[in-house]
There are 2 protein chains.
Amino acid sequence: MKLPDIAEVSRVSGIPASALRFYEEKGLIASAGRHGLRRVYEPAIFERLALIALGQASGFTLDEIGAMFCADGRVKIDRQMLSTKADELDRTIRRLNAMRDGLRHAAVCRAPSHLECPTFRRLLSAAAKGTIRAPEKPARKRRR
Amino acid sequence: MKLPDIAEVSRVSGIPASALRFYEEKGLIASAGRHGLRRVYEPAIFERLALIALGQASGFTLDEIGAMFCADGRVKIDRQMLSTKADELDRTIRRLNAMRDGLRHAAVCRAPSHLECPTFRRLLSAAAKGTIRAPEKPARKRRR
DNA sequence: CTACGACTTCAAGTTCACTTTAGGTCAAGG
DNA sequence: CCTTGACCTAAAGTGAACTTGAAGTCGTAG
């Protein structure tokens, strides 16, 4: 059984080889060894990468994700941290919901200018008050 | 009536003076003039800043927000763009909902390791498949 | 055996939205 | 009048998550 090399892992996971090397540098993953200079990985790498993807999708930074792995490669996820992040996601979701509704309305609103639309103005003062602040960045440039 | 200076605008809006200068450099705002070297602003600056905050909260970049202002300072918001962004927010919201539910479950799950929890594994393969990919960055470091 | 192309390292570059720093100006209070 | 401190500019720095580039190594197909 040949272990996958970086190209194979990249192909299967959809993660660029450069990112895999970067993750290794950050201590998020490790190769099983080398074939010559070339990295070879254990099949378990794919689960590891899925965990990383999951962490990212949940809004954890790579450093935070790194903290969830023990030195021995085992996972040690703090349940408290998961709750905290879930609460954070809740707040974000509520905010984004308000935004989406506002945008949706503004897109069809008949008012001559958005500034004359009451709904839009409500949204505006919410933004000004910071009720809504805290930028998110929903759609990072996709890989691949 | 004295026009507000940068410190006043910063105080009222909660936006650091450095950010206001940065916005000016980017062409997002303009001062009404100077008092000596010092910028003075028209009261309309506050509405402008609210628009910027709103745009940010909706996930527009500063450049995109800049494109929504005419040279004369009027607003020209493309309704099509609003719809597009609303759709994008919808996708993000759905994704975040799945994440939050998963995290919430994982936080209370009785399985000895998260890797043995079926719910967690479902989430994991969703992440691996990229169903969920596309990182967001919900909670940027707050200003102030 | 040799050439090729895929891999390697290390450093620097990219984007976004700002902040920080260094060095200077000037309006206002005492 | 003089000091003070808030403002000014320009340039460089920050952090996250990678990507890109240059220069070098080496397994494998022919």
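Student: In this predicted model, what is the order of the elements of chain A from the N terminus on?

Tutor: The elements of chain A run α-α-β-β-α-α-α-α in this predicted model, and the chain has six helices and two strands. Of its 144 residues, 33% count as buried, and among the contacts between residues at least 6 apart in sequence, 48% join residues at least 24 apart.

Student: How do you know that the span of helix α5 of chain A agrees with its number of residues?

Tutor: Helix α5(A), residues 79-108, has 30 residues, which at 1.5 Å a residue should span 44 Å, and because its end C-alpha atoms are 43 Å apart, the two values agree.

Student: Which residues of α5(A) are buried, and what do they pack against?

Tutor: The buried residues include Leu82(A), Leu89(A), Leu96(A), Met99(A), Gly102(A), Leu103(A) and Ala106(A), and Lys85(A), Arg95(A) and Arg100(A) are also among them. The buried residues of α5(A) pack against α6 (118-129) of chain A and, in chain B, against α3 (45-57) and α5.

Student: Why is Gly102(B) called buried?

Tutor: Gly102(B) is placed in helix α5 of chain B, residues 79-108. A residue is buried if 20 or more other C-beta atoms lie within 10 Å of its own, and Gly102(B) has 26 C-beta neighbours inside 10 Å, so Gly102(B) counts as buried. Leaving aside residues up to four places away in sequence, Gly102(B) touches Thr119(B), Phe120(B) and Leu123(B), whereas Phe22(B), 80 residues apart from Gly102(B) in sequence, is 39 Å apart from it in space, C-alpha to C-alpha.

Student: What makes Ile6(B) buried or exposed?

Tutor: Ile6(B) is found in helix α1 of chain B. The cut-off for a buried residue is 20 or more other C-beta atoms within 10 Å, and Ile6(B) has 20 within that distance, so Ile6(B) is buried. Not counting residues up to four places away in sequence, its contacts are Ala17(B), Leu20(B), Arg38(B) and Arg39(B); Ala17(B) is eleven residues apart from Ile6(B) in sequence and 6.2 Å apart in space, C-alpha to C-alpha.

Student: Why is α3(A) called roughly perpendicular to α6(B)?

Tutor: The axes of α3(A), residues 45-57, and α6(B), residues 118-129, come within 8 Å and cross at roughly 90°. Angles of 65 to 115 degrees count as roughly perpendicular, and therefore α3(A) is roughly perpendicular to α6(B). The contact of these two helices has ten nonpolar, one polar and no charged residues; Phe46(A), Leu51(A) and Leu54(A) are among those from α3(A), and they are met from α6(B) by residues including Leu123(B), Leu124(B) and Ser125(B).

Student: Which residues come nearest to DNA strand C, and which elements supply at least two residues of the surface near it?

Tutor: Of the 19 residues around DNA strand C, Ala7(A), Arg39(A), Ser18(B), Gly36(B) and Leu62(B) come nearest. Chain A contributes through α1 (6-13), α2 (17-25) and β2 (38-40), and chain B through α2 (17-25) and α4 (62-66), each with at least two residues. The most come from α2(B), with three residues, and by class this surface has nine nonpolar, four polar and six charged residues.

Student: Which residues come nearest to DNA strand D?

Tutor: Ser18(A), Gly36(A), Leu62(A), Ala7(B) and Arg39(B) come nearest, of the 19 residues around DNA strand D. Two or more residues of this surface come from each of α2 and α4 (62-66) in chain A and α1 (6-13), α2 and β2 (38-40) in chain B, with α2(A) giving the most, three residues.

How values were computed: Residues are numbered from 1 along each chain as its sequence is written. Chains are lettered from A and ligands numbered from 1 in the order in which they are written. This is a predicted model: local features need pLDDT of at least 70, side-chain atom pairs count only at pLDDT 80 or more; totals for chains, interfaces and linings use all residues. A residue is near a molecule or strand if its C-beta atom, placed from the backbone, lies within 6 Å of it. Helices (H or I, at least four residues) and strands (E, at least two) are DSSP runs, numbered from the N terminus. Ala, Val, Leu, Ile, Met, Phe, Trp, Tyr, Cys and Pro count as nonpolar, Asp, Glu, Lys and Arg as charged, and the others, Gly among them, as polar. Axes are lines fitted to C-alpha atoms, for helices over the stretch in contact, and angles run from 0 to 180 degrees between N-to-C directions. Angles under 35 degrees count as roughly parallel, over 145 as roughly antiparallel, 65 to 115 as roughly perpendicular and the rest as oblique. Two residues are in contact if their C-beta atoms, placed from the backbone, lie within 7 Å. A residue is buried if 20 or more other C-beta atoms lie within 10 Å of its own, exposed if 12 or fewer, and partly exposed in between; C-beta atoms are placed from the backbone. The expected span of a helix is 1.5 Å times one less than its number of residues.
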